[in-house]
Amino acid sequence: MAVREIKILGDPVLREPAVEVEELDDEVRALVEDMLETMYHAEGIGLAAPQIGISRRVIVVDLRDSDEEGVGPVALINPTVVESGKKADKAPEGCLSIPGMEEVVERPETVTVEGLDPDGNPFSMQMSGLLSRAIQHEIDHLDGVLFIDRLSPLKRRMALKKWQKSRAEEVAS
Ligand code: NI
């Protein structure tokens, strides 16, 4: 197990569609372990493989510290949203690849997600609340989509300007 470097906005790997996992072998299970360790180290609640530079369809989420009934750790291989509820929900989101930025994002409140667990067992769950939001955010990463893409163009421009300024100040200090 190892803590891996988290890729930051601007790294092209974050914009690549990730490749399906065809064989669930020890290498994939080791990747899951590294992703969990990296996520805990960064104090995040979710991580997708492209965020550590691995363009494969693997995500992890752990909500135990952020939600009273928070589930975790959850690791999903080849996860997909198979159904989205009509009702939308708005809540603040952040991303380990855009450190320091937090913006309100609108997403379907309820989704049904399918995939495989690290042992190859089928996973299918209808979810809402923070779990739904976190898993949707991580699945977006597998398609090269970041939460800033879900903001209005104006809000996105403002948020990016502010973020770039704070990054520049951080480097300068
Ligand atoms: Ni993220």
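Guide: Before we speak of elements, note that helices (H or I, at least four residues) and strands (E, at least two) are DSSP runs, numbered from the N terminus. The model is a predicted one.

Visitor: Which residues lie nearest the centre of the largest pocket?

Guide: The largest pocket holds about 300 Å³ of space. Its lining is made up of 16 residues, and those nearest the centre are Ile45, Glu93, Gly94, Cys95 and His137.

Visitor: How many residues apart are Cys95 and His137, and where in the chain does each sit?

Guide: Cys95 belongs to the loop between strand S4 (88–93) and strand S5 (103–108), whereas His137 belongs to helix H2 (residues 129–142). The pair therefore links distant parts of the chain, and the separation of Cys95 and His137 is 42 residues.

Visitor: Are Cys95 and His137 buried or exposed?

Guide: The cut-off for buried is under 20% relative accessible area. Cys95 has a relative accessible area of 10%, and His137 has a relative accessibility of 6%, so both residues count as buried.

Visitor: In what order do the strands of the open sheet stand, and which strands are at its edges?

Guide: Five strands form this open sheet with antiparallel pairing, in the order S1-S2-S3-S6-S7. The twist from one strand to the next averages 35°. Because each edge strand has a single partner strand, one side of each is left without a neighbour in the sheet, and these edge strands are S1 (46–48) and S7 (122–127).

Visitor: Over how many bridges does S6 pair with S3, and over how many with S7?

Guide: S3 (residues 74–84) and S6 (residues 111–116) pair in the antiparallel sense, and within this pairing Thr80 has Glu114 as its bridge partner in S6. S6 and S7 also form a hairpin with five residues between them, in whose turn Gly120 has a positive phi of about 90°. The count for S3 and S6 is five bridges, and for S6 and S7 it is six bridges.

Visitor: At what angles do H1 and H2 run to S2?

Guide: Helix H1 (residues 26–41) lies across S1, strand S2 (58–61) and S3, while H2 lies across S1, S2, S3, S6 and S7. Relative to S2, H1 runs at about 40° and H2 at about 155°.

Visitor: Is Thr38 buried or exposed, and which residues does Thr38 touch?

Guide: Thr38 has its place in helix H1, and because its relative accessibility is 1%, Thr38 counts as buried. Not counting residues up to four places away in sequence, Thr38 touches Ala2, Val3, Arg4, Ile6, Leu47 and Ile52.

Visitor: Which residues does Pro99 touch?

Guide: Pro99 is found in the loop between S4 and S5, and at 30% relative accessibility Pro99 counts as partly exposed. Leaving aside residues up to four places away in sequence, Pro99 touches Ile8, Trp163 and Arg167.

Technical notes: Residues numbered from 1 in each chain as written. Predicted model: local features only at pLDDT ≥ 70, side-chain atom pairs only at ≥ 80, totals over all residues. Heavy atoms only, no water. Buried < 20%, exposed > 50% of the residue type's maximum accessible area, 1.4 Å probe, protein only. Pairing = 2+ DSSP bridges. Axes fitted to C-alpha atoms, helices over the stretch in contact; angles between N-to-C directions. Contact = heavy atoms within 4.5 Å. 1 Å grid on protein atoms, 1.4 Å probe; cavity = no way out; pocket = protein on both sides within 12 Å on 5 of 7 lines; lining within 4 Å. Points joined across faces, edges and corners; volume = space filled by probe spheres on them.
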